Structures are given as structure tokens and as C-alpha cells.
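Please read this briefing alongside the sequence and the coordinates.

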Amino acid sequence: MQRVSIALCSEMETEPCCEENPAVKPNESEVREAISELAERDSRNERPCGPAEEDEELCGKNLAKTESCAGESKGTGTKTPCDPEQKSGETECKGRKLKKTNSWKMVRFQDPSEDDDVLERDSSAKSLFPEYAMEEWTSTTFEELFMAEDWKDITDDRLLRKKLLESRTPQAPHPTWGQEVSVKMQCVLEDRTVVEKDCNLVFVIGDGDVNQALEECVMSMQQGDITLLLADSQYAYGLLGREPDIPAWAPLLYQLQLLDIRAKPDPLTLSIADRIRIGNQKRERGNFHFQREEYGMAARAYCMALDMLTTRSRDGNDSGIQAEEEEVSDYRVKCLNNLATAQLKLEQFDEALHTSRDVLTLEPNNVKALFRAGKLLSDKGEYKEAMEVLKSALKLEPATKAIHVELSKLVKRQSGGKDTQEWNAKPAEVLGDDIAPFVIPSKKKPSGISWKFILGALVVALGSLVTSVILTARN
């Protein structure tokens, strides 16, 4: 397992920079600076200027904590554009209530019929398994537990170990890869600080909904089993830990019970509301991986979110259903933009271009996708199409410096890299519907010595020579 550091608010995308300068004329240093800014903002995700977008942003501050089964919330919240200052356990967006995602990978697939006031996670010291408060759980050092002979190794490296406390159904099947399970769990550090607790944690094995330690352990359990699990940091939160409650390289001790095993739900059998809720949670998990610089895992999470956010519905064709399907489409746009950003980080440029075009199919005026597609087309040498795409982005956000910078680079590439042409940025109020005059490169006057100057110098030299001859003859 790799490290963890920054948690998410909800969305990260690559976008044009936010610097309004109505008369920008970038030189080489400004071009390099702007390109550097763009690379930084791929992960920092600053919002472009111009029309307000409905997309959510990844925050640069850490929000990854654990929530409560009994009321205390330390979880990662999902901020939406509808109410960015919400403090409640739910998130409003377009009239829909979305459950907060609990801990960084704790995904809740709750029945929508359940009471919204059900409290999910308890970070207090009260145990979920009071009848199993043995010495190993309360005081034994982790070093002793790693060496204990009555513990079973789950992995060959002896860094993931378990001890079965109770087996209620000896003949019950083991869960397998791809199945959905429900577990009751609590987790402590070596000093017995409670860092995770959940009465009914639901996840799909292999989807990355939880850390590797839980997935490996659950596959070795039978339904009803109660187990102690000791996990080295390599199977938990690794080098960075999980701010603010889990330090770097911290091993963890879990106590968990396998409650239920069932097949992974088919998105087409779920209501639109459930598809949006689960898809949004998986998108958040992708954002979390992106902030950890785990771009491959982030891209995988976004793909799983897109699988869940399908717009094919069996719910009917009335106006209410159509409105919800449009909402699903909005979330697909966010996931696709995020996926394209992760693909750029992985240097999968063709895939990122394809994903950006998918965004434009759903939302033709998405500035982020237009800018990203234009830049990728320019890098591939498809200058004509790149110019058209970047012109479209410029119409939507004429004051955004990054678009001007990219157009400047594109014009230089078209001219073979010579400095005889440049892109002249114009004030935003000057740019109307027809911006063609402003994308025609201006020509510089060729540098060099004027022919008039040369002719004059030649006349002076000849005159001096004739004068010198005459004076010599007289003498």
C-alpha cells in the first residue's frame, strides 16, 4: 500500500489559469511560467475565471477523518456547489440529499428507505465488541502480536495476521473477489486510540473501497466470524498515514465481524438516486487517490464511477426521471474530466484526448475539456483542429491567460518555431463572436541594415576617395 495525505472535497480537473489581464502579450518567460502553473494546478485544481461552473473542487486541505455511529463526525465531507458551507451529515445538490462519505475509503451503500438520521460511525472509546475486550485488544504491544504463535498469517510476509475469536457458521462460504460484503469493524492504533469504527461498513471486494488489509482479511473469513486483524502499514495507510489521526508507517489493529455476503449490485437494477450516490462516492475515492499521487488507482476509481453513473434507465420516461438522468449526465461530465486529468498524469495522451471528447459530446461548451483537447491536439501536431477548439474555449473565457498562452504556442508551432509571428492577446470586451482577426498572427518587420543606409555610406566613402586623389595631385 502506498501513502496517504490529503483528503478530498470532491472534484479535481485540469483547467485554464485564473489570471485576468485584458492586454496580455506573453513573452517566453511568461509562457514557461504559465505552463508551470498549469502543471501545478492539475493537482491543486484552481477554478478558471469566467462563467461560474457547477463542478466541485478538490480541496488543498485535509478533511480525511472518521465519522461516528453515535453522532460524532470526523469524516470526509462532500462539498457541492449548492451549499459549500454545509456542516450537516448530508449534502444537498439539485434537490437531492447525498450521504457523506465516511472515512477515506469507507463507502456506504445504505438502503434509501433507512432513516436519514441513522448515525454511522462512532469514534468514542466505547467498543462495538464489549464481550471480546481481551488483553490482546486492550494492551498487548503490536510487536508481541506480530510474533504470537496463536495468530494465523494471511500473507507470506507475516505483515498481515489474524486471530479468530468466534466462528458462528463453520460451513458458511467465504466471500470472493467481486462480491459485496457488510462488516462491523473498529480499528485502533498501538496506543489504543480509536481511528475507525463502523457498525455496518459495506464494500465490494476488489473495488478498492477499503484498504488492502480489510479486503484480504474478509476473503479469509466466513459469514458470522469475529476476528482480530493486525495489519502492517504496507497494507493500511503507508508512508503518509492518514491525517490527522493515523501517523505515517502506523500498523493498525482491527476487530471485525463479517455480517453478510451478496452479489455486487447491477447498476441497471438500482434507482437513479442510488446510482448517483454510489457513483459520486467512487468519484470521491478517485479524488482521494489523485491527491495521494496514485494516478492509476484514481483512474480506475473514476472508471468504476462511470460504470455506475450509466444513463440507461428502466425507471420510465416521465419528466422527473428525465431530470434525474440529466443529473446523472452532469456527474458523468465531472468523472470524465477527472479521468482525463489522471490520464494526463499517467502520460496516456491519446486516452486523455478521447476522454475529453467524451466530455464535449455531453457538454459541448465545457471550457476545461475544450482547453485540454486543444492543447493535446496541438501537441500531436493537429494544428487546424487545435486552433478551432482553442478558439471555442476563448469565446467562452476570453480573459483566461492560459488559453492565450496556448494559442501563442500553437501559432509559433504553425510557423515552424520561428519568432517572426506571435499571438496578440486582446481585451475581453473587444472579443465578440468573430475572433478570427485576433487569431491571425502578426508579422514583425524583418530586422537588418536598411539599403538606404548602405547606399549613403557608399556615396560618402567615394566622395572621400575622390577628394583625397585631388589633394594628392595638387601637392
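Buried here means under 20% relative accessible area, exposed means over 50%, and partly exposed lies in between, with a 1.4 Å probe and protein chains only. The model is a predicted one, in which local features need pLDDT of at least 70 and side-chain atom pairs count only at pLDDT 80 or more, while totals for chains, interfaces and linings use all residues. Residues are numbered from 1 along each chain as its sequence is written, and side-chain values use heavy atoms, with hydrogens and water left out. Helices (H or I, at least four residues) and strands (E, at least two) are DSSP runs, numbered from the N terminus.

**Nonpolar cores**

- A nonpolar core is a set of buried Ala, Val, Leu, Ile, Met, Phe, Trp, Tyr and Cys residues joined through side-chain atoms within 4.5 Å; the largest one has 39 residues, and those with the most contacts inside it are F290, Y302, I403 and L407.
- At least two residues of this core come from each of α5 (272-291), α6 (295-308), α7 (319-345), α8 (349-362), α9 (367-380), α10 (383-396) and α11 (401-414), and the largest share, eight residues, is supplied by α7.

**A nonpolar surface patch**

- Patches are made of residues with over 30% relative accessible area and no salt bridge, where like charges are joined within 9 Å and nonpolar side chains (Val, Leu, Ile, Met, Phe, Trp, Tyr) within 5 Å; accessible areas come from the Shrake-Rupley method with a 1.4 Å probe, and for residues only the protein chains shown count as cover.
- W451, L455, L458, V459, L462, L465 and V469 make a nonpolar surface patch of about 740 Å².

**Salt bridges**

- A salt bridge is a side-chain nitrogen of Lys or Arg within 4 Å of a carboxyl oxygen of Asp or Glu, and by this rule the count comes to 22.
- R168 and E166 meet through their side chains in a salt bridge (2.7 Å, N to O); R168 is partly exposed at 46% relative accessible area, and E166 is also partly exposed, at 24%.
- Another salt bridge joins the side chains of K264 and D207 (3.2 Å, N to O), and this pair links distant parts of the chain, with K264 in the loop between β8 (252-262) and α5 and D207 in the loop between β6 and α4 (212-219), 57 residues apart.
- K264 is partly exposed, with a relative accessible area of 39%, whereas D207 counts as buried at 8%; both belong to a network of salt bridges that links D207, D209, K264, K282 and R285.
- In E388 and K391 the closest N and O atoms of the salt bridge are 3.6 Å apart, and because the two residues are three apart in helix α10, about one helical turn separates E388 from K391.
- E388 is partly exposed at 42% relative accessible area, while K391 is buried at 16%.

- D198, in strand β6 (residues 194-204), is buried with a relative accessible area of 0%, and polar atoms of the D198 side chain lie 2.8 Å from the backbone nitrogen of N200 and 3.3 Å from the backbone nitrogen of L201.
- R372 in helix α9 is buried, at 2% relative accessible area, and the side chain of R372 makes a polar contact with the side chain of N337 (3.1 Å).

**Cysteines**

- With a disulfide taken as a pair of cysteine sulfur atoms within 2.5 Å, the structure holds zero disulfides.
- The sulfur of C335 is 9.4 Å from the closest cysteine sulfur, in C303, which is too far for a bond, and C335 is buried with a relative accessible area of 0%.
- C199, by contrast, counts as partly exposed, at 33% relative accessibility.

Technical notes: Polar contact = N/O pair within 3.5 Å; in protein donor to acceptor, adjacent residues only side chain to side chain.
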